[in-house]
Amino acid sequence: NARYDGSSRFAEGNQFGFFPSVSAGWRLSEEQFFNVSWIDELKLRASWGELGNQNIGNYPYQQVFQLGLNTPFGVSETLLPGAAATVVPNNEISWESTRVIDYGVDLSILKGRLNFTMDYFDKLTSGILYNITASSVLGLTPSVQNAGVVSNKGVDFNVIHQNDIGDFHYSVSANFSYVKNTVEELANVEEDIANGLFVGSSLESIYGYEALGLFADQTEINAHATQPRTPQPGDIKFRDISGPQGVPDGIVDATYDRKIIGNRFPKFNFGGTINLGYKGFDLSILLQGVAGANQLVSGFYSNAFFQGSNPQRWMYENRWTEENPDPNAEYPRLSVLGGNEEQFYTSTFRMFNASYLRINNAQLGYSFPDGFLDNIKLSNLRVYISTRNLYTFDNLRVGLDPEMGVGYPPVRLYNLGINLGF
């Protein structure tokens, strides 16, 4: 396959892109030399291809002036309507390209009752279109540009088992994937801290301080490295990682003492479905989860007085106090005036393991038999009850969503329904 695409979102000379692909498969189970009775199908697959992306907004290569920027002029400083250039255009942007290599195997055994699929993939996205963070000294916002290269390598597994035992039918499927995500190139820089991008690390990296617990007393504060703010007993203690000479210098600051402390991009994704049926009854369950990812607590779960709110009970009961100066307390000292500003520093103190397994959907139904339907002149009648976000298995405090990192649990929905056919 091959396609040649053109887009007016790019300047002349960069409007067109050529994106080919090729794939091949070999069904070994169809060959005469293959004679394994319990294997129904065995197929080997391989593919290589490129895709283009032009989703960057309309015409970012053009110089645009923003209206409505009123400015005072003259001695009287009369306010007059004005326009100004607020974005630096980029005439050199072109197609973002994704190259994917895939090797796979399909296996079906036991007369189709067990099916297995495995894939190894190597995905390289180059010329990634995004806005690089720039200093406010520039005075303008940089336009989108082909600024990076990201690779994704990993494996996908999928297995399905189904069978009928008399009036009982069941099917169970499970999927699992491992992805190693790496930022290979990033324009002409090694990092973009504001966007969590670091060459050699995963997307959505979390960059911050390493917390060492809480200060027990003033003596410990005096003996430790100078902190980003003047600490008091019960405040978070940050590690002095390095300094201008490449060794700890007794001062904790943003330049030398922050590092990659985690990432939001999960390494493992998994899920499954369970479908059961017995006569008129049916039950379906959908599971989904991730592992190998981190998240930051934010908002009301990060600060006891966030936006004028009241402390939560666990904060009050598990806080550091002079009577109980526990350096490993779950929450620092409470300070109404200061609002515990240190909570807003990105650090391991606010970070948690975001791994979870969630029962996304569950539905139980009953379909009435044909004899009953004939009496009431219906072709089908099914009643069911279903729920969404039934339960999440994790190690977090109740009410904290591992996907969002905020103190709002996912909404749980219940539905009771009837399907009628006349």
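Two strands count as paired if DSSP finds at least two bridges between them. Strands are DSSP runs of E with at least two residues, numbered from the N terminus.

**Entry: the model.** I noted that this is a predicted model, in which local features need pLDDT of at least 70, side-chain atom pairs count only at pLDDT 80 or more, and totals for chains, interfaces and linings use all residues. Residues are numbered from 1 along each chain as its sequence is written, and side-chain values use heavy atoms, with hydrogens and water left out.

**Entry: the sheet.** I looked up the strand order and found an open sheet of twelve strands, β1-β2-β3-β9-β10-β12-β13-β20-β21-β24-β25-β26, with antiparallel pairing. Its edge strands are β1 (2-6) and β26 (413-421), each of which pairs on one side only. Neighbouring strands are turned by 10° against each other on average, direction ignored; the axes behind this angle are lines fitted to C-alpha atoms, and angles run from 0 to 180 degrees between N-to-C directions.

Entry: Arg388 has Leu413 of β26 as its bridge partner.

Entry: I recorded 18 bridges between the antiparallel strands β12 (residues 145-165) and β13 (residues 168-186). Phe157 stands opposite Phe176 in β13. The hairpin of β12 and β13 has two residues between the strands, and Gly166 there takes a positive phi near 65°. I also found β13 joined to β20 (residues 268-278) by eleven bridges, again running antiparallel. Leu276 in β20 is the bridge partner of Tyr170.

Definitions and conventions:
Helix = DSSP H or I, 4+ residues; strand = E, 2+ residues; numbered from the N terminus.
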